[in-house]
Amino acid sequence: MNQRAMYSQSFTIKGGDFINAGTVSVRIKRLLKEIGLKPDIIYRAAICCYEAEMNVVMYANEATLDFTITVENITVKLSDKGPGIKNIELAMKEGYSTATEKMREMGFGAGMGLPNIKNNADVFEIESEIAKGTIISFKINLNGKH
Amino acid sequence: MLLKEIKELLKCNWYSSEELLNKEIQYCFAADLMSDVLRYGRTGSLLMTGLTSNQILQVAEILDLSGIIFVRGKKPDENIIATAELRKIPLLSTNLLLFDSCGILYAQGLRGGKSNLMENDEPKSNVQSIVHD
């Protein structure tokens, strides 16, 4: 199997920057569209990226998003510096959230971000260290049914 | 149904160039929570919402929304209007409430459509989680 990267790029996301929040995901989405991937692949990848990006903006100090496309899949790895997640099992539960009032006013913090990434990705991994940060990785297969 | 017909039905103000109102609308989605739009919204839908935060345009682009109608008399700010025009996302607003707006469009035959996720089988994600204390 050929796992050679066809394209890869890294982005920096700043925590607390609600003005530019989402711009990295929109750039990735436009890129996937230009490449000409199937609409449902683009849709699922864009949602995963956006949810993950908003998590960084809402909870972390900053993060690096590494984005790679191979002939087989789209891989995204998001490593943040931040408080980490105390209880991943709870964080993965729909409806659980530690969002502030400000985040809720913007229409977020319903406790659906991580579960939504899990639902849209073919592979999802999360690793967290308290007071250091969280690493989220997900893959979306380019072929085959989700 | 064309967006300009919806504009008449809901007595909307609009903030986009008129050519954008000639879009054909196939599905609608209504929510005040962006998380719900991202979780349940169908790509290409017309979004009805009372939320005017700037994130609405990012969500619109992620989901290829056909347009946004702000309900309950909510109005987008100038930055949102300018960015939406650049991205060709039509913006409208109505004084009607969300329930009434949806009811009028439903009575005219518009439907919500299934969300993209609901069309799929149960997701088969492999979830691995590790916490370091």
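Predicted model: local features only at pLDDT ≥ 70, side-chain atom pairs only at ≥ 80, totals over all residues.
Student: How is a pair of aromatic rings described?

Tutor: A pair is described by two values: the distance of the centres and the angle of the planes. In this model the count comes to two aromatic pairs over all chains.

Student: What kind of pair do A:Tyr7 and A:Phe67 form?

Tutor: Their pair is edge-to-face, at 6.4 Å centre to centre and with 65 degrees between the planes. The label edge-to-face applies because planes over 60 degrees apart count as such.

Student: Where in the chain are A:Tyr7 and A:Phe67?

Tutor: A:Tyr7 is in strand β1 (residues 5-14) and A:Phe67 in strand β2 (residues 62-70) of chain A. The pair links distant parts of the chain, 60 residues apart.

Student: Is A:Phe67 buried or exposed?

Tutor: A:Phe67 is buried, as its relative accessible area is 1%. A:Tyr7, with 29%, is partly exposed.

Student: What kind of pair do A:Tyr50 and A:Phe108 form?

Tutor: That pair is tilted, with 50 degrees between the planes and 6.2 Å centre to centre. A:Tyr50 belongs to helix α2 (residues 39-59), while A:Phe108 is in the loop between α4 (101-105) and α5 (113-120) of chain A. The two residues are 58 residues apart, and both A:Tyr50 and A:Phe108 are buried.

Methods: Residues numbered from 1 in each chain as written. Chains lettered and ligands numbered in written order. Heavy atoms only, no water. Phe/Tyr/Trp six-rings, centres within 6.5 Å; stacked < 30°, edge-to-face > 60°. Helix = DSSP H or I, 4+ residues; strand = E, 2+ residues; numbered from the N terminus. Buried < 20%, exposed > 50% of the residue type's maximum accessible area, 1.4 Å probe, protein only.
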